[in-house]
Amino acid sequence: MRAATPATQRRLIINADDFGFTPSVTAGILEAHAAGTVTSTSMLVHCAGWEDGVRQARAIPTLGVGLHLNLLVGAPLAPVPSLTDARSGRFLPLGTIVRRALSGRIDDGEVTAECEAQLAALRDAGVRCTHIDSHRHVHSLPVIRRAVAAVAAGLGLPLRRPVESHFRAAGGVRSQIHRGLIGVAWRVTSAGAARTRAPDHFIGVSMQGTRRFARHLVAAIDGLPSGSTEIMVHPGRVDEALGQIDGYTWQRETELAALLSPGLRERLRRGDPSLIGFGAL
């Protein structure tokens, strides 16, 4: 049998979002990494689990850590009035950010400044950044996309391309609407955005929020096309602190159980697809 070439090999990054969100979320991600199923993660800067996350990231060099750009939770690191509430100084909610982006009321220079400040925070903490993505995929929105792509391109960092093109719809109606909206936004904002590196394929939004996550995850892996694919996951342990700031709770436990399952671990040990991090792109 002819050996697979790099162009035909199936290579897989399983990236866990929200590292550093809370210590409980970080703990779940680390469990999945120790089990051999999560190869990469994306870290939120200066959230509730920041200090714990920094310690963990520095202690585990086998786990690639990217920036999970945050323009929604807590307060910014740079002056960004177009992204924040004038009274509290905290980031605006997602709905308001979307409306401002669509109406051209977000300043691209402020997005650039905040992205660079968060990257600097990772660097100053001793965490080497492997890639960039964003909380709730805000980097697919107008203005924000252009600014973040320019930063990623300037640093030679891969930037998540959150468009699912080949995976059969798996989750419920809400996840499919979400997937469709992100895909449309990404295509619309491609004009004028800097070219950035990314895996050939992406899967993740369509599987969010389903209790059949384990089944869909294995099906996605079995059906991967040739080339590189990022599968986005959100594993985590849930505690009271997480429940107070985020609605994605039991779903994290469901995803973690799937990533820790003996069946998935055995499936991935077969070597097809080969597991990689963003540094191998």
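**Exercise 1.** How many residues does helix α4 have, and what does the helix reach from its first C-alpha to its last?

Solution. This is a predicted model, in which local features need pLDDT of at least 70, side-chain atom pairs count only at pLDDT 80 or more, and totals for chains, interfaces and linings use all residues. Residues are numbered from 1 along each chain as its sequence is written, and side-chain values use heavy atoms, with hydrogens and water left out. Helices are DSSP runs (H or I, at least four residues), as strands are (E, at least two), numbered from the N terminus. Helix α4 covers residues 108-124, so counted as 17 residues, and reaches 24 Å, close to the 24 Å expected at 1.5 Å a residue, where the expected span is 1.5 Å times one less than the number of residues.

**Exercise 2.** Find which residues of α4 are buried, and what covers them.

Solution. Begin with the term: buried means under 20% relative accessible area, exposed over 50%, and partly exposed in between, with a 1.4 Å probe and protein chains only. The buried residues of α4 are E110, V111, E114, C115, Q118, L119, A120, A121 and L122. An α-helix has 3.6 residues a turn, so residues three or four places apart point the same way. The cover over the buried residues of α4 includes the strands β2 (40-43), β3 (64-69) and β4 (129-134), together with the helices α2 (50-59) and α5 (144-155).

**Exercise 3.** Where does V163 lie, and is V163 buried or exposed?

Solution. V163 lies in the loop between α5 and α6 (173-188). V163 counts as buried because its relative accessibility is 13%. Leaving aside residues up to four places away in sequence, V163 touches G183, W186, R187 and F202, a contact being heavy atoms within 4.5 Å. The C-alpha atoms of V163 and R215 are separated by 21 Å, and these residues are 52 residues apart along the chain.
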